[in-house]
Amino acid sequence: MFGIKPLPGVRLTLISDVLHAPYSGMLPGHVAGFYDYDECHIDLRSLAEFAGCQILIDRAIAIDLNKNLVICQTRPPVNFDLLSVDIGSTPATLSVPGAAEYAIAAKPVPEFLASWNQLISERQNHPQKPLRIAIVGGGAGGVELALNMQSRLGKEEGRRKREEGRGKKEEGRGKKEEGRRKREENLENLLSEIHLLHSGAELMPAHNHRVRRRIQEILINRGIQLHLKEKVCAVEKLDRETNSKIPITDYQISCKSGLELECDRIFWVTQASAANWLRKSGLATDSNGFMQVNDCLQSVSHPNVFAAGDIAAMVNYPRPKAGVFAVRQGKPLFENLQQFLLEKPLKPFAPQEQYLGLIGTGNKRAIASRGSFMWESALLWYWKDWIDRQFMQKFSNLPKTRNTK
C-alpha cells in the first residue's frame, strides 16, 4: 500500500528475520504437498523494492522507547520516528518442562517448515522406519496440522509402494508373491502414527458443536489417535543406543493423568504467546503480554507505536488470534500510519464480530464454520484456494521497481 501511495519525505524500513514471508492461509496445504514453497511465500526483497523500502534481515529483540531505537540481534540499532510492530505470536511452551528444548513449535513458521521438510527427507531415505508423531494442541491449528501431515505422509507411503511395485515386476513371480506377503504382514509397522493431544474434553472449543463433532469423526475415521483431557506436563528426550544407520530421535511426552507417549517428533500448537521483550520495553500489554492498542491500532501507552495481527490486543474488541483479523487490519493500519505522519486525525476501526473459518481436511475438502453454521464440501477448498491464490498474485505481479531516489 505504501508502494501504491507513497508519502514524500518518508523513509520506510522493514526489519524481518526472513527474506520470504510465509502466508499462513496456504501453509496447511503446503504441509500436505498441495503448494510449493514459492506459491505460499512472499518475496520481501521485491516487495520492498517496489515500495521504495529499505529491508534489514535481522531479528528485533528489544525497543528503546526513550531513544526511539529498535534493538536488533546482530546489527546496530535502527532509529524510528514511527514504529509498527507486526511480529505475530508463538505457541506457549515455556511452562512445560522440556517443551522449548524438544518440541517443534508451529511458529515461527520458517523453523517449523525446516523441521517438517527434514522429517519428509528422512522418511524418503528411510521408508521402513516406523514414524510416530505427536501434536500437542487441539484447536483448529492442531487439527489442520494433523490432517494435512497425515495426507502428506500417506502420499509418501503410496509413492514408496509404487516404486516397490515397479522393482518387483523385474523379479520372478515367486519373489513377487513373497514380497507382497511380507509387506502385508508388516503393514502396521510401516504405517505412520499420529497422536493428537488436547487438554480439553472437546477439540476446537472456539467452534460450534456440529463442527467439533464432525472434525472428531474425521480424525477417528482416518486413524489419528486422539488423547482428550490430557494435559502435557513434561517432554523429555530418551537415550537410545543403536547400531543402525537410521536416525533415532525418540522423545517421551508425560501427561498429568499418567499417560506416557513415546514419539519421534513433537509438534506444539497450543495457545498463542507473545514475545516477552515487548513488555520489558515498557509498552502497555495485557495479562498475556500482547501489546494493547486502541481502535486505531495505536499503542495505548506510546502514540508513535502501532501494532496489528496476533501481537496486537485491541482493548475494545477482544478477538481470537486468527489470520483473518490480521489481514483485515492491514488497510486501517496503513491509513492510520499515513494519517499520523501527515498529522491528521486517526480513523477508528471495528473488526467483525464473527468470521468464516475454513478448516482444510487434508484431502482437498474443507469445513466452513461461522457461529452455529457448518458446511463441508470440496467446493469450499477450491473456493479458498482461489481466494488465496488471488491474494498472493498481488505480490508476484508487482509493477517494475520505481526510482525512489
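1. Helices (H or I, at least four residues) and strands (E, at least two) are DSSP runs, numbered from the N terminus. The model is predicted: local features need pLDDT of at least 70, side-chain atom pairs count only at pLDDT 80 or more, and totals for chains, interfaces and linings use all residues. Residues are numbered from 1 along each chain as its sequence is written, and side-chain values use heavy atoms, with hydrogens and water left out.

2. α11 gives the largest share of a nonpolar surface patch, four residues. The patch consists of Leu356, Phe373, Trp375, Leu379, Trp383, Trp386 and Ile387, which together have about 740 Å² of accessible area (Shrake-Rupley method, 1.4 Å probe, only the protein chains shown counting as cover). Two or more residues come from each of β24 (373-377) and α11 (378-396). Patch members have over 30% relative accessible area and no salt bridge; nonpolar side chains (Val, Leu, Ile, Met, Phe, Trp, Tyr) are joined within 5 Å, like charges within 9 Å. A salt bridge is a side-chain nitrogen of Lys or Arg within 4 Å of a carboxyl oxygen of Asp or Glu.

3. Leu356 lies in the loop between α10 (323-341) and β22 (357-360). Its relative accessible area is 34%, so Leu356 is partly exposed (between buried, under 20%, and exposed, over 50%; 1.4 Å probe, protein chains only).

4. A positively charged surface patch is made up of Lys5, Lys331, Lys344 and Lys347, the place of a Lys charge being taken as NZ. Lys5 belongs to the segment before β1 (12-16).

5. Three strands form an open antiparallel sheet in the order β5-β6-β7, where pairing requires at least two DSSP bridges between two strands. β5 (60-64) and β7 (78-79) are the edge strands. β5 and β6 (residues 69-72) are joined by four bridges; Ala62 has Ile71 in β6 as its bridge partner.

Conventions:
Lys, Arg positive; Asp, Glu negative; His and termini not counted.
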